[in-house]
Amino acid sequence: MRLDADIIAAARAGFMDEAVDTLRQLEQNLLHMEQDPGDLEAVHGAFRAAHTLKGAAGMFGLDTLVRLTHALESTLDALRGGGQRLTEDSMTALLAGADELGTLVAALQDSPNAPDAPAPDASDEPRWRLHLHMGIDALRNGLDPLSFIRHLGTLGTLCGVRTHHDRVPTLETLDAEGCWLDFEILLQSSAPRQAIADVFDFLQDDSTLEIQPAESSAPAPTAPPARTAERGPAAEGRFIRVRADKLDRLVDLIGELVIAGSGAGNAARESRHARCIETSQRVHELVQSARDGALALRMVPIGQTFSRFQRVVRDVGKTLGKDVALQILGGDTELDRALVDAIADPLMHLVRNSLDHGLEWPGERSASGKPARGRLSLQAYQEAGSVVLEVRDDGRGLDRGRILSKAIERGLIPPEAVLDDAQVHALLFEPGFSTAEQITDLSGRGVGMDVVRRQVEALRGQIRLTSTPGQGTAVQIRLPLTLAIIDGFLTQVGTVGYVLPLDIVAECIETPSGLQSGPHRDSGCVELRGQVLPFLDLRSCFGHGGERPVRQSLVVVRCSTGRIGLLVDRLLGEHQTVIKPLGPLFRHLPCLAGSTILGNGEVALILDVPALARLHTELPRTSTSSLALECP
């Protein structure tokens, strides 16, 4: 019997995935132990993680991982048994050990020379086929079949191992402490039969062993028939691992189905055939359900990403000499996997900024009447079809005067400029802007907040900063739920369709003809229910020629700086939008986030609303106008 290399490779890949998750659990429990040394559950959790990793590594013969994990396990066992007290030095050693484990696992993932199952040797050594039938009480008696099989490998080459699980009962009747497995082993060895049998000497009361020469006429082993999946709550709660690229491909196909369904719906409406229209509407509903289901498969909780910052806060805080407690809220909030991966770097920069710039040293905090331990919180929640991420600290807050003086020094604003708080905070996102007095390993070079803004807006997100002197600073990032397919609002200017994310559309207003009269203008302000509303004329902004329609509409959208109106020619209503990236020739165009294909085959452009909002502030004030709108 020859061991199936593909099965072993898949098993090892599964081990790597599980090892990464287990290491994350280990580190989280260690950090919790440091924060609350009296919490024995954290010690038990760290011990279980180390024990699990050691057992899995032993199955694949990863001796270095086994030895290091065993050392961690021994220390944790002494801590949970009370034989050793947790000190700063022991915690540092435990975390260093966890880091080294992570390095070893990463090396195994990257190295093409990761240990494989030994291949059959082509030498003239005899082969033996062993049938090992385990007794039900073997595990209860402390006998691990795997350890005996590994020891058997010292006598020669293990060419194959097959596990028979046909004795395993249903979940309802399963005794989890019983041993239900049998093993069929192919060994290539020059050792005599008795020496092979002696390996299993301790198992003789809890198993039966049959040894045959492999060349005998005994039939080759066959895999037992697959057990029919059991129905019921236990089966419904099972999980399977699916490759991320397969999910991405599924979402892409659903996107193409959305486009094709939209085209079919248009054709049905043009035919005015009642049966076709009814059928296409049913197809549209099913496609929408399939879309929602496919996107839900890519949703993952943000808490896993948040938890990674526990170590960052711990290490950076100790480096700076600051005592910081990290609070995580809303960790079960779900977000598209692609967004979770992309937002990790911006969050990292914001967390490091809070630790370096925002939070004071313990003495400074005590002098101002604050607790010596600073507080940093990461929070996530869903709001109006978006996910909001907040990084908040209770530090010193932003120094308005220092920001203004730096901005004047760099020529960003004239000395006589009068800015409100939002405009002052916006200066921090200018390229190269920094108020740090000296350059450190963490900050001070003026590279960061502008990059954070670009990364967030590249995800069709918005970023907003608020601060109260002496009380702290909060940075809020608002992101869409997904990057693949969105509910859009389709408008038209000239002959071009423009799509807005539906979740940011507040209302639509019919614009009086007086707004279009007068000289050419790109932007202006209107009075809407007693408040000033800035607006942009998309026809002028994008250089559309031709006659302006007699009646236009103002679409009011929400952005990080408030509300802004977009003047368009026509409103075409809601539209399921499959986001397509712009080609290389068009990526440099401002205020466009992508494109989509309409049901009639035409291309529409997806607007970048944050970029449009910035465009309004950058346009010359001589091109603006003001008009009061009478709205109910």
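This is a predicted model, in which local features need pLDDT of at least 70 and side-chain atom pairs count only at pLDDT 80 or more, while totals for chains, interfaces and linings use all residues. Residues are numbered from 1 along each chain as its sequence is written, and side-chain values use heavy atoms, with hydrogens and water left out.

The structure contains two aromatic pairs, where rings of Phe, Tyr and Trp (its six-membered ring) pair if their centres lie within 6.5 Å, and planes under 30 degrees apart count as stacked, over 60 as edge-to-face and the rest as tilted. In one of them, the ring centres of F148 and F200 are 6.5 Å apart and the planes stand at 25°, so this pair is stacked. The pair links distant parts of the chain, since F148 belongs to helix α5 (residues 145–152) and F200 to the loop between α6 (193–199) and β4 (207–213), 52 residues apart; helices (H or I, at least four residues) and strands (E, at least two) are DSSP runs, numbered from the N terminus. F148 counts as buried at 12% relative accessibility, and F200 counts as buried at 4%, where buried means under 20% relative accessible area, exposed over 50%, and partly exposed in between (1.4 Å probe, protein chains only).

Y498 and F542 also form a stacked pair, with 5.1 Å from centre to centre and 20° between the planes. Because Y498 lies in strand β13 (residues 496–501) and F542 in the loop between α17 (538–541) and β17 (552–559), the pair ties together parts that are 44 residues apart in sequence. Y498 is buried, with a relative accessible area of 3%, whereas F542 counts as partly exposed at 26% relative accessibility.

Charges over rings come next. The charged end of R80 sits over the ring of F47, 3.6 Å from the ring centre, a description that applies if NZ of Lys or CZ of Arg is within 6 Å of the ring centre and within 35 degrees of the ring normal. The charged end of K322 sits over the ring of W361, at 4.5 Å from its centre.
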